[in-house]
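Please find below a colleague's note on the structure under review.

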Amino acid sequence: MTTVETATEIRPFTIEIPAEQIADLRERIAATRWPSKELVDDDSQGVQLATLKAIADYWMTDYDFGRIEERLNALPQFTTEIDGIEIHFIHIQSQHEDALPLIITHGWPGSVIEMLDVIGPLADPTAHGGTAEDAFHLVIPSIPGYGLSEEPPEAGWDTARVGEAWAELMSRLGYTSYVAQGGDQGAGVTDAMGRQAPDGLMGVHFNFLGAAPRELLMATLNLRLAFSGDDREQFSKFIAVAMRGYIAEMGEHPQTIGYSLLDSPIGLAAWMLDHDADSYEKISRAFVDGQVSGNLTRDNILDNITLYWLTGTGASTSRLYWEYGLSAKAAFKNPPPHVKLPVAYTVFPDELFQSPRHWVKHAYHNLIYFNEAEKGGHFAAWEEPEIFAGEMRSAFRSIRDDGRSS
Amino acid sequence: MTSTEAVAGTEIRPFTVEIDQAALDDLRQRIQATRWPEKETVDDQTQGVPLATMKELIRYWGSEYDFGRLEARLGEVPHFITEIDGIDIHFIHVRSPEDNALPIIITHGWPGSFIEMLNVIGPLSDPTAHGGDAEDAFDVVVPSMPGYGFSGKPTTTGWDPVHIARAWIALMKRLGYTRYVAQGGDWGAQITDVMGAEAPPELIGIHSNMPGTVQPDVSKTLAAGPAPEGLSEDERRAWDQLHVVYTKGIGYADEMSLRPQTLYGLADSPAALAAWMLDHDAKSLEDIAAGFDGHPAGNLTPDEVLDNITMTWVTNTGISSGRLYWENTLGFFDVKGATVPAAVSVFPRELYQAPRSWTEQAYPNLIYFNEVDEGNHFAAWQEPEIFTNELRAAFRPLRDERRSS
C-alpha cells in the first residue's frame with residue numbers, strides 16, 4: 001500500500017545545475033576543433049561554419065548560464081513516476097476558476113523551454129490582453145528521455161505510450177475534463193491521445209500534421225490527382241520532410257549519432273539547428289546578423305541547447321525516432337482507431353509544409369477549428385507565443401462553451 | 001603559363017608523414033574526457049554502435065594503443081604528393097623489384113583510407129617474399145582521395161567520383177605507366193568502374209570487390225520495393241540485401257549526402273568520429289566489435305581499426321571525406337558502363353553478393369568472377385591474403401596477353 005502511494009506521489013522539483021558541469025561545458029566549447037568551411041556559399045551542405053562559430057562565440061562570452069535555473073525554477077515544477085519513469089512537468093494553475101486544463105507536448109529538438117513564454121498569456125490572460133474566459137490550467141511535461149524526465153532504460157516508449165502516460169498524469173492531477181496540444185513529436189503524442197480517447201480528454205489541437213501513418217499518407221496522397229498546384233507544392237514539402245538526413249540517422253541508429261551529441265557541444269548544437277530550413281535560417285540570422293525572428297532569440301535558442309547538453313539527452317531524445325520507425329510500421333499494418341474527438345488545427349506559414357484544410361479534414365473528421373496563422377514556423381509556440389496563445393483561445397472556445405452549457 | 005609553373009604543377013614530391021605530438025596529446029585528452037550517452041535500449045546493434053563496443057574502443061585507444069605506430073607504419077612505405085586539378089594528391093607508390101610487374105592503382109572508400117591497403121602492398125609488389133611467383137608482381141599505387149588522408153581538401157565543389165577517376169588517369173600517366181590496371185571497393189569501386197567506362201588506352205583492366213551490377217530498372221525498386229518479378233534465387237538474395245541497405249542501413253549516407261557539414265562532432269569528438277566510422281554496415285560493425293571483444297575477424301584488429309580512425313582524426317578529414325557523398329550523383333550499386341576487361345571477386349560479408357548473372361550484364365568484358373570464402377566490405381583490410389590471391393588470379397590473363405603480344 002505504501003508502495004502505491006510512493007509510486008503515484010507528485011513531488012515538487014527544482015533544477016540545480018552543478019557549477020562543474022557549466023565549467024566543463026565552457027571548456028569544451030572553447031576547445032572546439034573545427035572542420036574546414038563548407039564548399040558552398042549557402043546552407044545546402046548543412047549548418048554553416050560561420051553560423052556555428054557565431055553561436056560558439058555567443059555561448060562562451062555573452063550567454064548567461066544561470067538562465068535555465070532562473071527561468072525554470074521561477075515556475076512550479078514537479079516529478080511523478082508513471083509506468084516506471086520519473087516524469088518532469090511544469091504545472092501552472094490559473095487563478096481563474098473556470099480555466100480549461102491543457103497539456104502541451106513539445107517535440108524534437110524541443111523541450112519545455114519552447115513553451116515558457118506562452119505560460120503567461122494562457123494561464124493569466126487578463127494580464128496579457130485576454131479575458132478571464134480564455135484562461136487555461138497548464139501542464140507542460142517533458143517526454144521520457146527529454147529534458148528533466150527520466151530516460152527509459154528499455155525500448156517501447158513510442159508516442160502512443162507517452163500519450164497513455166499523459167492521460168495518467170492528467171488523471172493524477174485530478175483533471176476530469178481537459179484538452180491537449182502538440183506540434184512535431186508532440187503532435188504524434190497528442191494524436192495518440194486523441195485515438196486512445198482517455199476519460200476526460202475533450203479535444204485536441206495540432207500545429208503539425210502528425211496523424212497515424214496510413215491516414216497521413218491517404219490524406220496527402222489519396223486526393224493527389226485532384227490536387228491544386230498548392231496541394232502539389234505541399235505534397236512535395238511533405239515528402240521532403242521524410243528525406244531529411246537527421247531523421248534517417250536517428251530513425252536507424254540513434255546511438256551512433258548519440259556519441260557526438262553527448263561528447264561535443266558544437267556537434268549537439270549543429271545537429272539541433274539543422275531541423276528544417278526555415279527555422280535554421282531564422283536562428284542563423286539571429287546569431288550572424290542579429291536579426292531575430294519573433295521570440296527565437298539567441299538566449300532562448302541557447303537555453304534549449306544548453307538544457308539538452310546538461311541533461312545529456314542527445315541519444316535518448318533521438319531514440320523517439322527509432323521508436324517511431326517501429327510503431328509506424330505496426331500502425332500501417334494495424335491502423336489505430338480514428339480520432340473521434342473534436343480536433344482543432346492551426347497552419348503556421350513557415351511550418352515544414354502547410355497542410356491544406358482537406359488533408360486535415362481527411363485525417364480528422366471531427367474538425368472543429370482550422371485557421372491559417374499569419375506568422376510563425378515549426379516552433380510555433382516558441383517563435384510566436386502571442387499568436388500561439390491566441391490560437392489556443394480560439395481553437396478551444398467552443399469546447400469550453402459546450403462544457404459550460406452541459 | 002611559364003614553364004616553371006608547368007613543371008611545378010606536375011612535380012611529384014616525396015612526402016614523409018609526420019604527426020604532430022601536440023595533436024596526439026590533444027587527442028588523448030579528448031579521449032580521456034569522453035562524455036557518454038546511456039546504453040542503447042536494445043541488446044543488439046539495431047540502434048547503432050553499442051555502448052559496450054564504444055567504451056572498449058575508447059579504453060583501448062586511451063590506454064593501450066601505441067600512438068607511435070601510425071607514423072612508424074607509414075614510414076615503411078614511400079609516399080608522394082603531386083598536384084592534380086589544383087589539389088595535392090597524396091599517394092603511396094611502391095615499385096616492384098620484378099621487371100615485368102603490372103602497375104595497379106588501388107582506391108579505398110569511406111570510411112577507409114590507404115591504411116586498408118598497407119598489408120597487401122608487400123604481397124602484391126614483392127610476391128616472392130610472400131609465397132607468390134615473380135610473374136604475379138605489381139607496381140602498386142595507392143592514392144588518397146581528395147578530402148581523405150593526406151590529400152588536400154577541396155575548397156570548391158565538383159570533386160565527385162567521375163572527377164577523381166579522371167585525376168587517377170592523369171596520375172598514372174604522370175607516373176609514366178602506359179599499361180596498368182585499377183582496383184577498388186566502396187567509393188574506390190565506383191571510381192574504378194568510371195575509369196573502366198572512360199577507358200583510357202593505358203587501362204587494360206579493372207577489378208572490383210564491390211561491383212556495380214544493378215540495372216536501372218532494378219535500382220529504382222531497391223528503396224521502396226517491391227522486388228521485380230522473375231529474379232533468380234541469387235538475384236533475389238542480392239535484391240533483398242540491397243533493400244535492407246536502402247531501408248535500414250542508409251542513415252549515415254543520407255546525412256552525408258544531404259548535410260555533411262552538420263556533422264561537426266566528427267571534427268570535435270574522437271568518440272563521435274569513431275562511432276560514425278564504425279557504423280558503415282552491420283556486418284563490418286559486427287566484425288570490428290568482435291575485435292574489441294578480443295576475437296578479431298581476420299586482420300580487423302583493434303590496432304588496425306584505430307590506425308585508420310587516428311589517421312582520420314589527425315588529418316581532421318571526418319567532414320571533408322563525407323562531402324564525397326554530397327558530390328556524388330551515381331547510384332552506389334548501379335552499372336557504370338565499364339567496357340574494359342573486368343574482374344570481380346564476391347566477398348561473402350559484403351553489403352550484397354553480386355550475382356554472376358547481373359555481373360555478366362554489367363561488365364560486357366568480364367574476364368574473371370569468383371566467390372571467396374571469407375571477408376566483408378573491407379576486403380583488402382580484413383583478408384589481405386585472399387584479396388592478394390584474387391588480384392593475382394584476376395589479372396593473370398591480362399599479363400599473359402601482354403607476354404604473348
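The points that follow concern a predicted model.

1. Overall form of chain B. Chain B contains 18 helices and nine strands. Its radius of gyration is 21 Å, close to the 22 Å that the globule rule gives for 405 residues, so chain B is as compact as a globular protein of that length. Along the principal axes, the C-alpha atoms of chain B occupy a box of roughly 65 × 60 × 45 Å.

2. Burial and contacts in chain B. Of the 405 residues in chain B, 62% are buried. Among contacts in chain B with a separation of 6 or more, 78% are between residues 24 or more positions apart. The accessible surface of chain B is about 14,700 Å², and carbon and sulfur atoms account for 49% of that surface.

3. Helix H11 of chain A. This helix spans residues 254-263, and ten of its ten residues are buried, so helix H11 is largely enclosed by the rest of the structure. The buried residues include Pro254(A), Tyr259(A) and Asp263(A).

4. The second largest pocket. This pocket holds about 260 Å³ of space. Its lining comprises 14 residues, of which Glu27(A), Arg28(A), Ala31(A), Arg30(B) and Ala33(B) are the closest to the centre. Helix H2 (19-30) of chain A and helix H2 (21-32) of chain B are the elements that each give two or more residues to the lining. By class, the lining has three nonpolar, four polar and seven charged residues.

5. Cis peptide bonds. Most peptide bonds are trans. In chain A, however, the bond joining Trp108(A) and Pro109(A) is cis, with omega about -5°. Pro109(A) is placed in the loop between strand S4 (100-105) and helix H5 (119-123) of chain A. In chain B, the peptide bond from Trp110(B) to Pro111(B) is cis, with omega near 0°, and Pro111(B) lies in the loop between strand S4 (102-107) and helix H5 (118-125) of chain B.

6. Positive phi values. Most residues other than glycine have a negative phi. Asp85(B), by contrast, has a positive phi near 50° and sits in the loop between strand S2 (79-84) and strand S3 (87-94) of chain B. Asn316(B) also has a positive phi, of about 50°, and is found in the loop between helix H14 (302-314) and helix H15 (318-327) of chain B.

7. Exposure of these two residues. Is each one buried or exposed? Asp85(B) has 54% relative accessibility and therefore counts as exposed, the cut-off being over 50%. Asn316(B), at 14%, is under the 20% limit and so counts as buried.

How values were computed. Residues are numbered from 1 along each chain as its sequence is written. Chains are lettered from A and ligands numbered from 1 in the order in which they are written. This is a predicted model: local features need pLDDT of at least 70, side-chain atom pairs count only at pLDDT 80 or more; totals for chains, interfaces and linings use all residues. Side-chain values use heavy atoms; hydrogens and water are left out. On a 1 Å grid over the protein atoms alone, a cavity is a set of points where a 1.4 Å probe fits but cannot get out, and a pocket is an open set with protein on both sides within 12 Å along at least five of seven lines; lining residues have an atom within 4 Å of a point. Grid points are joined across faces, edges and corners, and a volume is the space filled by probe spheres set on the points. Helices (H or I, at least four residues) and strands (E, at least two) are DSSP runs, numbered from the N terminus. Ala, Val, Leu, Ile, Met, Phe, Trp, Tyr, Cys and Pro count as nonpolar, Asp, Glu, Lys and Arg as charged, and the others, Gly among them, as polar. Buried means under 20% relative accessible area, exposed over 50%, partly exposed in between (1.4 Å probe, protein chains only). The radius of gyration is taken over C-alpha atoms; the globule rule is 2.2 Å times the number of residues to the power 0.38. Contact means heavy atoms within 4.5 Å. Accessible areas come from the Shrake-Rupley method with a 1.4 Å probe; for residues, only the protein chains shown count as cover.
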